[in-house]
Amino acid sequence: VLHGIRESGETLFWTYIMIGCVLYFFAIVATSLIGKRSAFQDNDLAQEYFGDVPRSMLSLFQVMTLDSYSPIVRELMEVEAWTCFYFVVYISVSVFVLMNL
């Protein structure tokens, strides 16, 4: 029993590391493309959720868990339509690939 717990714990640890790396990568991209972009400078929601990398990571974790992310995405899409594609790619990678490891 202890061997099984240790083996699954090791796999779970590396899965969390991989999710953290992907989350960090997409947070840097989101901060650059959304938080620091001039089109979103006056948008309070964009600055609140994607103003810096830690905020972007928290927001993307919320998106990864599919926890009421649509109001965020819809408001950002009203400013720049391409943000929809960013979130589709992010959800495809984080939810459909990483969460099924």
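The model is predicted, so local features need pLDDT of at least 70 and side-chain atom pairs count only at pLDDT 80 or more, while totals for chains, interfaces and linings use all residues. Residues are numbered from 1 along each chain as its sequence is written, and side-chain values use heavy atoms, with hydrogens and water left out. Helices are DSSP runs (H or I, at least four residues), numbered from the N terminus.

**Helix α3**

- Helix α3 holds 12 residues, 53-64. The expected span of a helix is 1.5 Å times one less than its number of residues. For α3 this gives 16 Å, and the end C-alpha atoms are 16 Å apart, which agrees.
- At the start of α3, a side-chain oxygen of Asp-52 comes to within 3.1 Å of the backbone nitrogen of Arg-55.
- Buried residues have under 20% relative accessible area, exposed ones over 50%, and partly exposed ones lie in between (1.4 Å probe, protein chains only). In α3 the buried residues are Ser-56, Ser-59, Leu-60, Gln-62, Val-63 and Met-64.
- The cover over these buried residues includes α1 (2-35), α2 (44-50), α4 (70-79) and α5 (83-97).

**Ser-59**

- Ser-59 lies in helix α3. Its relative accessible area is 3%, so Ser-59 is buried.
- Contact means heavy atoms within 4.5 Å. Apart from neighbours within four places in sequence, Ser-59 is in contact with Tyr-49 and Phe-50.

**Helix α5**

- The 15 residues of α5 should span 21 Å at 1.5 Å a residue, and its end C-alpha atoms are 20 Å apart, which agrees.
- Thr-83, Tyr-86, Phe-87, Tyr-90, Ile-91, Ser-94 and Val-95 are the buried residues in α5. Among the elements covering them are α1, α2, α3 and α4.

- Two packed helices are described by the angle between their axes and the distance between the axes. Axes are lines fitted to C-alpha atoms, for helices over the stretch in contact, and angles run from 0 to 180 degrees between N-to-C directions.
- Angles under 35 degrees count as roughly parallel, over 145 as roughly antiparallel, 65 to 115 as roughly perpendicular and the rest as oblique.
- The axes of α3 and α5 come within 10 Å and cross at roughly 70 degrees. The two helices are therefore roughly perpendicular to each other.
- On the α3 side, this contact is made by Leu-60, Phe-61, Val-63 and Met-64; on the α5 side, by Tyr-86, Phe-87, Tyr-90, Ile-91, Ser-94 and Val-95.
- The axes of α1 and α5 are 12 Å apart, at an angle of about 175 degrees. These helices are therefore roughly antiparallel to each other.
- Val-22, Leu-23, Phe-26, Ala-27, Val-29, Ala-30 and Ile-34 of α1 meet Thr-83, Tyr-86, Phe-87, Val-89, Tyr-90 and Val-93 of α5.

**The loop between α3 and α4**

- Leu-66 is in the loop between α3 and α4, just after α3. Its phi is near 60 degrees, a positive value in a residue other than glycine.
- Leu-66 has 42% relative accessibility, so it counts as partly exposed.
- Ser-68 is also found in the loop between α3 and α4. Its phi is near 40 degrees, again positive in a residue other than glycine.
- With a relative accessible area of 47%, Ser-68 is partly exposed.

Conventions. A polar contact is a pair of N or O atoms within 3.5 Å; within protein, one must be able to donate a hydrogen and the other to accept it, and residues adjacent in sequence count only if both atoms are side-chain atoms.
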